[in-house]
Amino acid sequence: MPHSTTKSARINLESGMKLALLGIVINAVLATVKLLAGYFGHSYALIADGIESSLDIAGSFIIWGGLKVATIPPDEDHPYGHGKAEPMAAIIVALSVLMAAAGLAAESVKEILTPHHAPAPFTLIVLVAVVIIKESLYRVVMWHGNKSGSTAIKTDAGHHRADVITSVAAFIGISIALIGGKGWEPADDWAALFACILIAYNGFNMLKPGIYEIMDTAPPKGVEDEITRVAGSVNGVEKVERIRTRKMGMEFYVDLHVWVDGDISVHDGHRISHEVKDAVKESNPAVADVLVHIEPRR
């Protein structure tokens, strides 16, 4: 019988989808404002910021799609569910951030070499508003990502933080260009180039968790230590060993071996294995299933 998604995981997935949709709406508005302000305010850093926000729209949509697929119950072809869609979405978004950083960097260099007007002062007001809105959104989304353990949601939060970085860099560059006066116009473009470096670094950090999860990298040691402690506390268990845990979306699947008295009946061994499974699942709501191997004491 395929295992169904736990209630807590389903709630977290649905909440993540709502946050992704919220991000799409906010980014659509901000991208439009920044592109228009950058064009009329002669600021390539702000235009680059607007392009980055436009990519955030696609990124949030990909995250939403990944979470949507992850909510599909297990079936014959996917007995462990569709949780891997979540880190796959995170990887796609992280790669898009890296490609965007490279493209914007090339355009920034082009703008540095091209004479142009100094940015308009009103662009600074736009950037202050953008930083406040996107930093607030980042904190809300990251809080939910940490609470749920979702790689995709945390990647979406990282996308919002990348937007904050470009906005802060643009603000600094435009300020320097305005204060410096004639001859300092390229400061705006240098700021955009610097922001691209930070975005690429951020994109690389966003990429790693998704890859780790796709590769079934073991969870933090504390997770398995707690599972070992709980399983070992069950009456009749003499030792716990060979514990393996892998993450599927927002859930964990556990495989462990427990030693019991070799003289007990098959019925008692079966009962102990179920008690271990129930205890582990009760101790950690994120644990979707536990496969217990009974070993006779050596």
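Is Leu19 buried or exposed in this model? Leu19 is buried, with a relative accessible area of 14%. Buried means under 20% relative accessible area, exposed means over 50%, and partly exposed lies in between (1.4 Å probe, protein chains only). The model is predicted: local features need pLDDT of at least 70, side-chain atom pairs count only at pLDDT 80 or more, and totals for chains, interfaces and linings use all residues. Residues are numbered from 1 along each chain as its sequence is written, and side-chain values use heavy atoms, with hydrogens and water left out.

**Confidence**

- pLDDT is the predictor's confidence in each residue, from 0 to 100.
- The protein averages a pLDDT of 83. A score of at least 70 is reached by 95% of the residues.
- Among the elements, H2 has the lowest mean pLDDT, at 79. Helix H8 (residues 266–283) has the highest, at 91.
- Helices (H or I, at least four residues) and strands (E, at least two) are DSSP runs, numbered from the N terminus.

**The nonpolar cores**

- A nonpolar core is a set of buried Ala, Val, Leu, Ile, Met, Phe, Trp, Tyr and Cys residues joined through side-chain atoms within 4.5 Å.
- The largest nonpolar core has 23 residues. Those that touch the most other members are Ile63, Leu67, Val141, Ile153, Ala157, Ile199 and Met206.

**Residues in the helices**

- Contact means heavy atoms within 4.5 Å. The contact lists below leave out residues up to four places away in sequence.
- Ile63 touches Ala20, Ala89, Ala90, Val93, Ala152 and Asp156.
- Leu19 lies in helix H1. Leu19 is in contact with Val140, Val141 and His144.
- Leu19 and Met142 are 123 residues apart along the chain. Their C-alpha atoms are separated by 10 Å.
- Ala101 lies in helix H3. Ala101 counts as buried because its relative accessibility is 3%.
- Ala101 touches Cys196, Ile199 and Ala200.
- Ala101 and Phe122 are 21 residues apart in sequence. In space they are 26 Å apart, C-alpha to C-alpha.
- Thr123 has its place in helix H4. Thr123 counts as buried because its relative accessibility is 0%.
- Thr123 is in contact with Ala37, Gly41, Leu46 and Ile174.

**Residues in strand S1**

- Thr245 has its place in strand S1. Thr245 is buried, with a relative accessible area of 6%.
- Leaving aside neighbours within four places in sequence, Thr245 is in contact with Ala218, Pro219, Glu224, Ile227, Phe252, Tyr253 and Val254.
- Arg242 also lies in strand S1. Arg242 is exposed, with a relative accessible area of 54%.
- Phi of Arg242 is near 50°, a positive value in a residue other than glycine. Most residues other than glycine have a negative phi.

**Empty space: cavities and a pocket**

- Rolling a probe the size of a water molecule over the atoms shows where empty space is left.
- The search uses a 1 Å grid over the protein atoms alone. A cavity is a set of points where a 1.4 Å probe fits but cannot get out. A pocket is an open set with protein on both sides within 12 Å along at least five of seven lines. Lining residues have an atom within 4 Å of a point.
- Grid points are joined across faces, edges and corners, and a volume is the space filled by probe spheres set on the points.
- The structure holds two cavities of 30 Å³ or more. The second largest cavity has about 50 Å³ of space.
- The lining of this second largest cavity includes Ala45, Asp49, Leu104, Thr166, Cys196 and Ile199. H6 gives the most to the lining, with five residues.
- The lining of the second largest cavity divides into 10 nonpolar residues, one polar and one charged. Ala, Val, Leu, Ile, Met, Phe, Trp, Tyr, Cys and Pro count as nonpolar, Asp, Glu, Lys and Arg as charged, and the others, Gly among them, as polar.
- The second largest pocket has a volume of about 290 Å³. Of the 13 residues that line this pocket, the closest to its centre are Tyr80, Arg246, Tyr253, Val254 and Asp255.
- Strands S1 (239–248), S2 (251–260) and S3 (287–296) each supply at least two residues of the pocket's lining.
- By class, the lining of the second largest pocket has five nonpolar, two polar and six charged residues.
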